[in-house]
Amino acid sequence: MRTSLTRSPLVRSLAVVLIAGSALVTTGCARNRTKGDIPYVARDFGTLYSAARKRLDNKEYKLAALLFDEVERQHPYSVWARRAQLMSAFSYYLAHDYTASIQSAQRFLSVHPGNRDAPYAYYLISLGYYEQISDVTRDQKITQQALDSLGELMRRYPNTRYAADARLKVDLVRDHLAGKEMEIGRFYETRGQWLAATGRFRKVVDDYQTTTHTPEALMRLTETYLALGVPDEARKSTAVLGANYPGTTWYARAYKLSNEHPPVAVAAIATGEPVVPNTGTPAQVTPKKNREFKRDTSAAPVGSSSTNPGNPNPGN
């Protein structure tokens, strides 16, 4: 999470320049070093807004954002304040201060939820999260927030140009989240944690089946199912892979594995036979009330039979 904008070194250096220059009279953007905030100096909204636009045009994005914030602070109930909130969010976005951009856009929506510029505010929030997506080796909380905000934008305003761009970004975000699941699944697989790996690969197939990671996920499922001793499930994964991605190297690998480890037929278990035969010989205990009878208590072990129950482990 980024630090507060008013405490960032870049803002402090810009404020020092303003104090030393002639722009102090126009913008009033001096910094109060004691309170860590811009001091209030009353100015008309036209002067403040024009100064902010000038800084934005000069690519002084941080300073422009501060001046747009000042418009909102000094004239909170004016039409200019609403536009200044969005321009502030846009300026923070250009300055790569995505947290401040998101907060500014969210503040706009909390005060003006039905405004005609609300779709743009949702779009800025989505972009703020989207730009913070990190590689798959790191935590993907921001990635999920990006997906949620893009989905909210498409749900609320499906016919806007912002929603059209959001649809393209959703595909990229979902592919990134699938890549994270694959990264974790491969990690488990290399350590022989087959069940945990299967869960990750299964999630990719079920939740992210339109992403580029699906063919590999199906091949990895073939591997983990074979390692778990369930070749029938492995063959199902291979069949799905062959039906949807027949010309890929993933299918060639899965097909080869399935042929090398075919399912083994298991003899049916007779009625009354235990699934796992008891090979031990437990001690026979004669009930106390029957001890007066002299009878042979050396009965066959429980579960013994001349019928072969078959191999209880079909994976071997």
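Visitor: How many helices and how many strands does the chain have?
Guide: Welcome! This is a predicted model, in which local features need pLDDT of at least 70, side-chain atom pairs count only at pLDDT 80 or more, and totals for chains, interfaces and linings use all residues. Residues are numbered from 1 along each chain as its sequence is written, and side-chain values use heavy atoms, with hydrogens and water left out. Helices (H or I, at least four residues) and strands (E, at least two) are DSSP runs, numbered from the N terminus. By that count the chain has 13 helices and zero strands.

Visitor: Which residues have a pLDDT under 50, and where else is the pLDDT below 50?
Guide: pLDDT is the predictor's confidence in each residue, from 0 to 100. The chain averages 79, and 72% of the residues score at least 70. Where pLDDT is low, the predicted coordinates should not be read in detail. The values stay under 50 over residues 1–36 and are below 50 over residues 285–316.

Visitor: What percentage of the chain's residues count as buried?
Guide: Buried means under 20% relative accessible area, exposed over 50%, and partly exposed in between (1.4 Å probe, protein chains only). The chain has 316 residues, and the buried share is 39%.

Visitor: Which residues is Ile 125 in contact with, leaving aside neighbours within four places in sequence?
Guide: Contact means heavy atoms within 4.5 Å. Ile 125 is one of the buried residues of H7. Its contacts are Ile 102, Ala 105, Gln 106, Leu 109 and Ser 149.

Visitor: Within what arc do the buried residues of H12 fall?
Guide: Helix H12 covers residues 231–244, and its buried residues are Pro 231, Ala 234, Ser 237, Thr 238, Leu 241 and Gly 242. The arc is that of the directions from the helix axis to the C-beta atoms. Seen down the axis of H12, these buried residues line one face of the helix, because they fall within an arc of 135°.

Visitor: Which exposed residues does the face of H12 turned away from its buried side carry?
Guide: On the buried side, the cover includes helix H11 (214–228) and helix H13 (249–260). The face turned away from that side carries Ala 243 and Asn 244.

Visitor: Which residues does Thr 238 touch, not counting those up to four places away in sequence?
Guide: Thr 238 is found in helix H12. With a relative accessibility of 7%, Thr 238 counts as buried. The residues touching Thr 238 are Thr 222, Tyr 251, Ala 254, Tyr 255 and Ser 258.

Technical notes:
Expected span 1.5 Å × (residues − 1).
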